[in-house]
Amino acid sequence: MNDKLSIPDEIIPGENYSFRADLKVNGWLLFAMATGAANGLLFHSKSPYGVLRNSYQDWPIGLRAVVELVPLLASLLWAWSLARWLRRMDELHCRITLEAWFFATISTLFVLSIWPLLDGAGVSAAVLQATHVHLEALDKPIFPLTVGMLYIFYFLGHFIFNRRFK
Amino acid sequence: MKNKLRELRAAKEWSQSDLAGKLGVSRQTVNAIETGRYDPSLPLAFKLARLFKRPIEAIFEDNEK
């Protein structure tokens with residue numbers, strides 16, 4: 001049995017970062033993001049990327065459901081590996097990490113909820129006009145985008161809550 | 001919460017890392033307890049009490065007293 005304590009810094013880019021630890025904690029998340037992106041690209045995108053888009057509609061419904069659920073199942077396995085990582089932390093690090101995840105979850109939910117309202121007020125059109133960047137896709141719950149936002153807020157939350165105990 | 005952990009540790013000539021190792025926690029946790037930024041859980045407080053062979057109230061001081 002491995003008695004080594006987990007530390008939050010081992011998955012945060014910096015001097016204590018460990019690729020091995022990061023892969024152990026976030027490997028299933030990486031798999032979920034990759035399969036989610038591949039599903040979107042191969043089965044739902046228009047030409048030239050969506051090479052299976054037309055034939056996909058003829059696949060049996062059970063198989064299509066399995067294909068769509070693979071990222072979700074991988075996400076559940078990610079949650080399990082995250083819980084195992086948390087259990088190997090000492091109580092202070094566990095508290096800091098839980099506070100950071102709570103902050104990240106609430107912040108991500110807030111941004112995802114507020115975005116359609118801002119978009120309704122014409123923010124996407126204004127950004128497109130000023131920068132020629134399309135933001136229409138942001139009003140749909142895109143898995144990699146949500147995870148990316150979650151991690152940015154997690155790093156920010158960890159920085160804030162960790163400072164209190166330094 | 002105030003505590004006498006730093007004095008007790010110094011009396012034993014242990015570093016924060018030594019104490020962290022004996023308690024099974026990180027050095028940051030020992031430091032945060034010593035500086036009063038973090039109050040340990042009851043199991044950890046009992047571990048400290050056993051390690052220093054003193055009652056919990058001889059190590060930690062209730063601020064509301």
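Predicted model: local features only at pLDDT ≥ 70, side-chain atom pairs only at ≥ 80, totals over all residues.
Colleague: What is the N to O distance between Arg95(A) and Glu99(A)?

Modeller: Both residues sit in helix H4 of chain A, four residues apart, which means that about one helical turn separates them. Arg95(A) is partly exposed at 35% relative accessible area, and Glu99(A) is partly exposed at 21%. Their side chains meet in a salt bridge, with an N to O distance of 3.4 Å.

Colleague: Which residue in helix H6 of chain A pairs with Glu99(A), 65 residues apart?

Modeller: Glu99(A) forms a salt bridge in which the closest N and O atoms are 3.8 Å apart. The pair links distant parts of the chain, from Glu99(A) in helix H4 of chain A to its partner in helix H6 of chain A.

Colleague: Are Glu34(B) and Arg9(B) buried or exposed?

Modeller: The two side chains meet in a salt bridge at 2.5 Å, N to O. This pair links helix H3 of chain B, which holds Glu34(B), to helix H1 of chain B, which holds Arg9(B), 25 residues apart. Buried means under 20% relative accessible area. Glu34(B) has 9% and Arg9(B) has 11%, so both count as buried.

Colleague: Which residues do salt bridges that share partners join into one network?

Modeller: Glu99(A) meets Arg95(A) in a salt bridge. Glu99(A) also forms a salt bridge with Arg164(A). The network therefore consists of Arg95(A), Glu99(A) and Arg164(A).

Colleague: Which element gives the most to the largest nonpolar core?

Modeller: That core has 40 residues, and those with the most contacts inside it are Trp101(A), Tyr151(A), Tyr154(A) and Phe52(B). Elements that give two or more residues come from both chains, including helix H4 (91–120) of chain A and helix H2 (16–23) of chain B. With seven residues, the element that gives the most is H6(A).

Colleague: Which helices of chain A each supply at least two residues of the positive patch?

Modeller: The surface patch gathers Lys4(A), Arg20(A), Lys24(A), Arg84(A) and Arg87(A). Arg84(A), for one, lies in helix H3 of chain A and is partly exposed at 38% relative accessible area. The helices asked for are H1 (19–44) and H3 (61–87).

Terms used
Residues numbered from 1 in each chain as written. Chains lettered and ligands numbered in written order. Heavy atoms only, no water. Patch = residues over 30% accessible without salt bridge, like charges linked within 9 Å, V, L, I, M, F, W, Y side chains within 5 Å. Areas by Shrake-Rupley, 256 points an atom, 1.4 Å probe, with all protein chains shown as cover. Salt bridge = Lys/Arg side-chain N within 4 Å of Asp/Glu carboxyl O. Lys, Arg positive; Asp, Glu negative; His and termini not counted. Charge placed at Lys NZ, Arg CZ, Asp CG, Glu CD. Buried < 20%, exposed > 50% of the residue type's maximum accessible area, 1.4 Å probe, protein only. Core = buried A, V, L, I, M, F, W, Y, C linked by side-chain atoms within 4.5 Å.
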